[in-house]
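Reader: I would like to learn how to read a protein model feature by feature. Please give the general idea each time, then the case at hand.

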Amino acid sequence: MFSDIRAAVVGSINMDLILTMEKVPQLGENVVGTDYGYANGGKGANQATALATLGAKVRMIGKVADDENGKALLENLKNKKIDISGVDTDGSQTGLAVIILDGEGKNRIVVYEGANKEIDSQNAVKSLIDYKPDLLLVQFETNEDVVINCVNEAVKNNIVTVIDCGPAKAFDLEKMQGAHIISPNESETKALTGIYPDNDDNILKASKILKERSKAQFIVLKLGERGCSLWDGENLKIIPPYKTNVVDTTAAGDCFTAAMALEYLRSGDIVKSCDMGNKAGSIAVSRMGAESSMPTIEEILNI
(Lines give C-alpha, C1' and ligand atoms only; values in the text may rest on other atoms or scores of the structure.)
Protein backbone atom coordinates (compact mmCIF):
# COMPACT_ATOMS: atom_id res chain seq x y z
CA MET A 1 0.00 0.00 0.00
CA PHE A 2 2.84 2.37 0.87
CA SER A 3 5.72 0.43 -0.66
CA ASP A 4 6.34 2.96 -3.43
CA ILE A 5 6.74 5.88 -1.00
CA ARG A 6 10.22 7.18 -0.21
CA ALA A 7 10.25 8.82 3.22
CA ALA A 8 13.00 10.67 5.05
CA VAL A 9 13.06 11.30 8.79
CA VAL A 10 15.29 13.97 10.29
CA GLY A 11 15.39 13.53 14.02
CA SER A 12 16.55 11.93 17.21
CA ILE A 13 17.96 8.48 17.87
CA ASN A 14 17.98 7.48 21.55
CA MET A 15 18.51 4.52 23.79
CA ASP A 16 15.46 4.31 26.05
CA LEU A 17 15.67 3.29 29.70
CA ILE A 18 12.16 2.26 30.72
CA LEU A 19 11.28 2.32 34.42
CA THR A 20 7.95 0.67 35.31
CA MET A 21 6.15 1.30 38.60
CA GLU A 22 2.62 1.30 39.96
CA LYS A 23 2.82 4.96 40.99
CA VAL A 24 5.26 7.76 40.33
CA PRO A 25 6.97 8.98 43.53
CA GLN A 26 6.12 12.38 44.94
CA LEU A 27 8.81 14.75 46.17
CA GLY A 28 10.85 13.00 48.88
CA GLU A 29 9.01 9.70 48.43
CA ASN A 30 10.56 6.32 47.61
CA VAL A 31 8.58 3.69 45.72
CA VAL A 32 9.45 0.15 44.68
CA GLY A 33 9.52 -0.29 40.91
CA THR A 34 8.15 -3.35 39.15
CA ASP A 35 10.54 -3.63 36.18
CA TYR A 36 13.15 -1.84 34.07
CA GLY A 37 14.75 -2.42 30.70
CA TYR A 38 16.36 -0.86 27.64
CA ALA A 39 14.76 -0.28 24.25
CA ASN A 40 15.55 1.45 20.98
CA GLY A 41 13.96 4.88 20.79
CA GLY A 42 14.08 8.56 19.95
CA LYS A 43 11.17 10.29 18.22
CA GLY A 44 13.02 10.27 14.91
CA ALA A 45 13.95 6.60 15.05
CA ASN A 46 10.46 5.71 16.27
CA GLN A 47 8.90 7.47 13.29
CA ALA A 48 11.35 5.86 10.90
CA THR A 49 10.47 2.46 12.36
CA ALA A 50 6.74 3.18 12.10
CA LEU A 51 7.11 4.21 8.45
CA ALA A 52 9.16 1.12 7.64
CA THR A 53 6.74 -1.19 9.47
CA LEU A 54 3.93 0.27 7.36
CA GLY A 55 5.91 -0.60 4.24
CA ALA A 56 7.57 2.65 3.14
CA LYS A 57 11.19 3.00 2.04
CA VAL A 58 12.92 5.09 4.72
CA ARG A 59 16.14 7.03 5.21
CA MET A 60 17.05 8.07 8.77
CA ILE A 61 19.01 11.32 9.11
CA GLY A 62 20.56 12.08 12.50
CA LYS A 63 23.56 11.50 14.72
CA VAL A 64 24.80 9.06 17.37
CA ALA A 65 28.15 8.55 19.09
CA ASP A 66 30.63 5.78 18.37
CA ASP A 67 29.67 4.04 21.60
CA GLU A 68 27.85 0.84 22.51
CA ASN A 69 24.41 2.46 22.51
CA GLY A 70 25.05 4.12 19.16
CA LYS A 71 26.22 0.89 17.54
CA ALA A 72 23.23 -1.05 18.89
CA LEU A 73 20.77 1.59 17.70
CA LEU A 74 22.20 1.68 14.18
CA GLU A 75 22.24 -2.10 13.92
CA ASN A 76 18.60 -2.14 14.93
CA LEU A 77 17.66 0.38 12.21
CA LYS A 78 19.61 -1.61 9.61
CA ASN A 79 17.76 -4.76 10.62
CA LYS A 80 14.50 -2.96 9.82
CA LYS A 81 15.84 -2.17 6.33
CA ILE A 82 16.08 1.54 7.14
CA ASP A 83 18.76 3.43 5.21
CA ILE A 84 21.21 4.80 7.81
CA SER A 85 23.61 6.50 5.41
CA GLY A 86 22.32 9.85 6.70
CA VAL A 87 23.31 9.09 10.31
CA ASP A 88 26.66 10.54 11.45
CA THR A 89 28.52 8.63 14.17
CA ASP A 90 30.89 11.27 15.58
CA GLY A 91 28.65 12.56 18.35
CA SER A 92 29.88 13.17 21.89
CA GLN A 93 27.38 10.79 23.50
CA THR A 94 24.41 8.86 22.11
CA GLY A 95 21.07 10.27 23.22
CA LEU A 96 19.25 8.69 26.16
CA ALA A 97 15.61 8.87 27.20
CA VAL A 98 14.39 7.79 30.63
CA ILE A 99 10.74 6.73 30.42
CA ILE A 100 8.81 6.48 33.69
CA LEU A 101 5.71 4.35 33.16
CA ASP A 102 2.98 4.12 35.79
CA GLY A 103 0.37 1.46 36.44
CA GLU A 104 -2.20 3.22 34.24
CA GLY A 105 0.09 3.13 31.20
CA LYS A 106 0.81 6.86 31.35
CA ASN A 107 4.37 8.04 30.89
CA ARG A 108 6.77 10.78 31.89
CA ILE A 109 9.93 11.15 29.85
CA VAL A 110 13.30 12.78 30.54
CA VAL A 111 15.48 13.18 27.45
CA TYR A 112 19.27 13.60 27.41
CA GLU A 113 19.84 14.88 23.90
CA GLY A 114 23.55 14.16 23.46
CA ALA A 115 24.47 13.66 19.79
CA ASN A 116 20.97 14.66 18.69
CA LYS A 117 21.86 18.28 19.50
CA GLU A 118 25.02 18.01 17.41
CA ILE A 119 23.52 17.16 14.01
CA ASP A 120 25.18 19.23 11.28
CA SER A 121 22.46 21.19 9.45
CA GLN A 122 24.27 21.22 6.09
CA ASN A 123 24.89 17.46 6.24
CA ALA A 124 21.25 16.83 7.07
CA VAL A 125 19.97 18.96 4.19
CA LYS A 126 22.39 17.33 1.75
CA SER A 127 21.35 13.82 2.82
CA LEU A 128 17.69 14.81 2.50
CA ILE A 129 17.98 16.25 -1.01
CA ASP A 130 20.28 13.47 -2.25
CA TYR A 131 17.66 10.90 -1.20
CA LYS A 132 14.89 12.64 -3.22
CA PRO A 133 12.08 11.60 -0.86
CA ASP A 134 8.35 11.98 -1.40
CA LEU A 135 7.82 12.68 2.30
CA LEU A 136 9.73 14.34 5.15
CA LEU A 137 8.97 13.92 8.84
CA VAL A 138 10.69 16.07 11.46
CA GLN A 139 10.36 16.61 15.23
CA PHE A 140 11.87 18.96 17.81
CA GLU A 141 14.42 16.63 19.47
CA THR A 142 17.28 18.15 17.45
CA ASN A 143 18.74 21.64 17.00
CA GLU A 144 16.19 24.19 15.84
CA ASP A 145 18.27 25.19 12.81
CA VAL A 146 18.35 21.56 11.58
CA VAL A 147 14.55 21.37 11.66
CA ILE A 148 14.07 24.80 10.07
CA ASN A 149 16.57 24.27 7.26
CA CYS A 150 15.32 20.80 6.39
CA VAL A 151 11.67 21.88 6.39
CA ASN A 152 12.34 24.92 4.23
CA GLU A 153 14.42 22.89 1.78
CA ALA A 154 11.73 20.22 1.57
CA VAL A 155 8.96 22.76 0.97
CA LYS A 156 11.07 24.44 -1.73
CA ASN A 157 11.48 21.05 -3.43
CA ASN A 158 7.76 20.17 -3.22
CA ILE A 159 8.32 17.34 -0.74
CA VAL A 160 5.29 16.61 1.44
CA THR A 161 6.42 17.85 4.84
CA VAL A 162 4.97 16.87 8.22
CA ILE A 163 6.11 18.49 11.47
CA ASP A 164 5.59 16.59 14.72
CA CYS A 165 5.96 19.23 17.44
CA GLY A 166 7.42 17.00 20.14
CA PRO A 167 8.78 17.36 22.69
CA ALA A 168 6.88 20.34 24.09
CA LYS A 169 8.91 23.52 23.75
CA ALA A 170 8.74 27.05 22.41
CA PHE A 171 9.79 26.99 18.76
CA ASP A 172 10.20 29.73 16.17
CA LEU A 173 7.58 28.46 13.73
CA GLU A 174 7.79 31.68 11.73
CA LYS A 175 11.19 30.58 10.40
CA MET A 176 9.70 27.60 8.54
CA GLN A 177 6.70 28.35 6.40
CA GLY A 178 4.34 26.30 4.29
CA ALA A 179 4.63 22.74 5.60
CA HIS A 180 1.74 20.47 4.69
CA ILE A 181 0.87 19.34 8.22
CA ILE A 182 1.82 20.51 11.71
CA SER A 183 0.80 18.10 14.46
CA PRO A 184 1.37 18.82 18.17
CA ASN A 185 -0.20 16.95 21.07
CA GLU A 186 -1.98 18.74 23.91
CA SER A 187 1.07 19.79 25.95
CA GLU A 188 2.97 20.76 22.80
CA THR A 189 0.03 22.90 21.70
CA LYS A 190 0.13 24.69 25.06
CA ALA A 191 3.88 25.30 24.73
CA LEU A 192 3.50 26.77 21.24
CA THR A 193 0.33 28.83 21.69
CA GLY A 194 -0.23 29.32 25.42
CA ILE A 195 -3.60 27.56 25.02
CA TYR A 196 -4.38 24.08 26.31
CA PRO A 197 -6.83 22.42 23.85
CA ASP A 198 -9.26 21.07 26.42
CA ASN A 199 -12.45 22.06 24.57
CA ASP A 200 -13.55 22.93 21.05
CA ASP A 201 -13.13 26.67 21.54
CA ASN A 202 -9.55 26.30 22.72
CA ILE A 203 -8.79 23.76 20.01
CA LEU A 204 -9.94 26.28 17.40
CA LYS A 205 -8.07 29.20 18.98
CA ALA A 206 -4.84 27.24 19.23
CA SER A 207 -5.19 25.85 15.70
CA LYS A 208 -5.67 29.35 14.27
CA ILE A 209 -2.53 30.57 16.02
CA LEU A 210 -0.50 27.63 14.73
CA LYS A 211 -1.72 28.14 11.18
CA GLU A 212 -1.01 31.87 11.27
CA ARG A 213 2.49 31.33 12.66
CA SER A 214 3.49 28.47 10.36
CA LYS A 215 1.34 28.96 7.23
CA ALA A 216 0.94 25.18 7.24
CA GLN A 217 -1.84 23.76 5.10
CA PHE A 218 -3.34 21.66 7.90
CA ILE A 219 -3.19 21.80 11.69
CA VAL A 220 -3.77 18.41 13.32
CA LEU A 221 -3.87 18.34 17.12
CA LYS A 222 -3.32 14.95 18.77
CA LEU A 223 -5.85 14.85 21.61
CA GLY A 224 -5.12 11.48 23.22
CA GLU A 225 -8.26 9.64 24.25
CA ARG A 226 -10.35 12.30 22.42
CA GLY A 227 -8.85 11.43 19.03
CA CYS A 228 -7.56 14.35 16.99
CA SER A 229 -8.70 17.65 15.54
CA LEU A 230 -8.25 19.03 12.03
CA TRP A 231 -8.20 22.71 11.05
CA ASP A 232 -7.82 23.61 7.38
CA GLY A 233 -8.29 27.35 7.76
CA GLU A 234 -12.06 27.19 7.27
CA ASN A 235 -13.53 24.22 9.12
CA LEU A 236 -12.70 22.47 12.39
CA LYS A 237 -13.31 18.74 12.52
CA ILE A 238 -12.91 16.40 15.49
CA ILE A 239 -11.96 12.94 14.27
CA PRO A 240 -13.05 10.43 16.94
CA PRO A 241 -10.72 7.85 18.48
CA TYR A 242 -10.96 4.07 18.51
CA LYS A 243 -11.65 2.42 21.86
CA THR A 244 -8.79 0.34 23.17
CA ASN A 245 -7.19 -0.94 26.36
CA VAL A 246 -4.37 1.49 27.15
CA VAL A 247 -1.19 -0.31 28.22
CA ASP A 248 1.59 2.12 27.27
CA THR A 249 1.31 5.46 25.46
CA THR A 250 5.04 5.63 24.59
CA ALA A 251 5.54 6.48 20.89
CA ALA A 252 1.80 6.44 20.14
CA GLY A 253 2.09 9.97 18.77
CA ASP A 254 4.98 8.96 16.52
CA CYS A 255 2.93 6.04 15.22
CA PHE A 256 -0.05 8.34 14.60
CA THR A 257 2.08 10.84 12.69
CA ALA A 258 3.70 8.19 10.47
CA ALA A 259 0.40 6.57 9.50
CA MET A 260 -1.31 9.92 8.93
CA ALA A 261 1.57 11.19 6.77
CA LEU A 262 1.73 8.08 4.57
CA GLU A 263 -2.01 8.02 3.97
CA TYR A 264 -2.01 11.74 3.14
CA LEU A 265 0.74 11.23 0.59
CA ARG A 266 -1.10 8.23 -0.89
CA SER A 267 -4.63 9.59 -1.05
CA GLY A 268 -4.47 13.35 -0.50
CA ASP A 269 -7.50 12.94 1.81
CA ILE A 270 -6.59 14.64 5.09
CA VAL A 271 -9.69 13.44 6.97
CA LYS A 272 -9.03 9.83 5.98
CA SER A 273 -5.38 10.37 6.93
CA CYS A 274 -6.28 11.57 10.43
CA ASP A 275 -8.55 8.57 10.86
CA MET A 276 -5.68 6.31 9.77
CA GLY A 277 -3.51 7.98 12.41
CA ASN A 278 -6.15 7.36 15.08
CA LYS A 279 -6.33 3.68 14.13
CA ALA A 280 -2.55 3.32 14.28
CA GLY A 281 -2.38 5.13 17.61
CA SER A 282 -5.10 2.95 19.13
CA ILE A 283 -3.06 -0.16 18.33
CA ALA A 284 0.19 1.39 19.61
CA VAL A 285 -1.21 2.29 23.05
CA SER A 286 -2.53 -1.25 23.52
CA ARG A 287 1.03 -2.65 23.46
CA MET A 288 4.08 -2.20 25.64
CA GLY A 289 7.12 -0.37 24.29
CA ALA A 290 7.87 1.95 21.40
CA GLU A 291 9.09 -0.02 18.38
CA SER A 292 7.35 -3.18 19.54
CA SER A 293 4.00 -1.36 19.51
CA MET A 294 4.16 -0.25 15.87
CA PRO A 295 1.33 -1.79 13.80
CA THR A 296 1.48 -3.11 10.26
CA ILE A 297 -0.85 -1.78 7.58
CA GLU A 298 -2.77 -5.07 7.68
CA GLU A 299 -3.49 -4.57 11.38
CA ILE A 300 -4.69 -1.01 10.80
CA LEU A 301 -6.97 -2.01 7.92
CA ASN A 302 -8.54 -4.72 10.08
CA ILE A 303 -9.97 -2.14 12.51
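Reader: Is lysine 126 buried or exposed?

Author: Buried means under 20% relative accessible area, exposed over 50%, and partly exposed in between, with a 1.4 Å probe and protein chains only. Lysine 126 is exposed, because its relative accessible area is 52%. This is a predicted model, in which local features need pLDDT of at least 70, side-chain atom pairs count only at pLDDT 80 or more, and totals for chains, interfaces and linings use all residues. Residues are numbered from 1 along each chain as its sequence is written, and side-chain values use heavy atoms, with hydrogens and water left out.

Reader: Which side chain does lysine 126 meet in a salt bridge?

Author: Side chains of opposite charge can pair when their charged atoms come close. A salt bridge here is a side-chain nitrogen of Lys or Arg within 4 Å of a carboxyl oxygen of Asp or Glu. Lysine 126 meets aspartate 130 in this way, at 2.7 Å from N to O. Both lie in helix H3 (residues 121–131), 4 residues apart, about one turn of the helix. Aspartate 130 counts as partly exposed because its relative accessible area is 45%.

Reader: How are the helix and strand labels assigned?

Author: Helices (H or I, at least four residues) and strands (E, at least two) are DSSP runs, numbered from the N terminus.

Reader: How many salt bridges does the structure hold?

Author: The structure holds 20. One of them joins the side chains of lysine 43 and aspartate 254 at 2.7 Å, N to O. That pair links distant parts of the chain, with lysine 43 in helix H1 (residues 43–53) and aspartate 254 in helix H7, 211 residues apart. Lysine 43 and aspartate 254 are both buried. A network of salt bridges links Lys43, Asp164, Lys222 and Asp254. Another salt bridge is between arginine 108 and aspartate 102, at 3.6 Å from N to O. Arginine 108 is partly exposed, at 43% relative accessible area, whereas aspartate 102 is buried, at 12%.

Reader: In what order do the strands of the open sheet lie?

Author: Two strands pair if DSSP finds at least two bridges between them. On that basis 9 strands form an open sheet in the order E5-E4-E1-E8-E9-E10-E11-E12-E13, with mixed pairing. Strands E5 (83–91) and E13 (236–239) are the edges, each pairing on one side only. From one strand to the next, the twist averages 15°; axes are lines fitted to C-alpha atoms, for helices over the stretch in contact, and angles run from 0 to 180 degrees between N-to-C directions.

Reader: What does helix H2 touch on the sheet?

Author: Contact means heavy atoms within 4.5 Å. Helix H2 (residues 68–79) packs on the sheet and touches strand E4 (57–65) and E5, and its direction makes about 175° with that of E5. Helix H6 (residues 200–214) also packs on the sheet, where it touches E10, E11, E12 and E13. The direction of H6 makes about 135° with that of E11.

Reader: How many residues of strand E9 are buried?

Author: In a regular strand the side chains alternate between the two faces of the sheet. In strand E9 (residues 160–164), 5 of its 5 residues are buried. Val160, Val162 and Asp164 lie on one side, and Thr161 and Ile163 on the other.

Reader: In which sense do E8 and E9 pair?

Author: E8 and E9 pair in the parallel sense over 4 bridges, and leucine 135 stands opposite valine 160 in E9. The chain crosses from E8 through helix H4 (residues 144–156) to E9 in a right-handed β-α-β crossover. Right-handed means that, with the strands pointing away from the viewer, the path from the first strand over the helix to the second runs clockwise. E9 also runs parallel to E10, joined to it by 3 bridges, and aspartate 164 stands opposite serine 183 in E10.

Reader: Which peptide bond is cis?

Author: Most residues other than glycine have a negative phi, and most peptide bonds are trans. The bond from glycine 166 to proline 167 is cis, with omega near 0°, and proline 167 lies in the loop between E9 and E10. As for phi, alanine 251 has a positive value, near 70°. Alanine 251 counts as buried because its relative accessibility is 9%.
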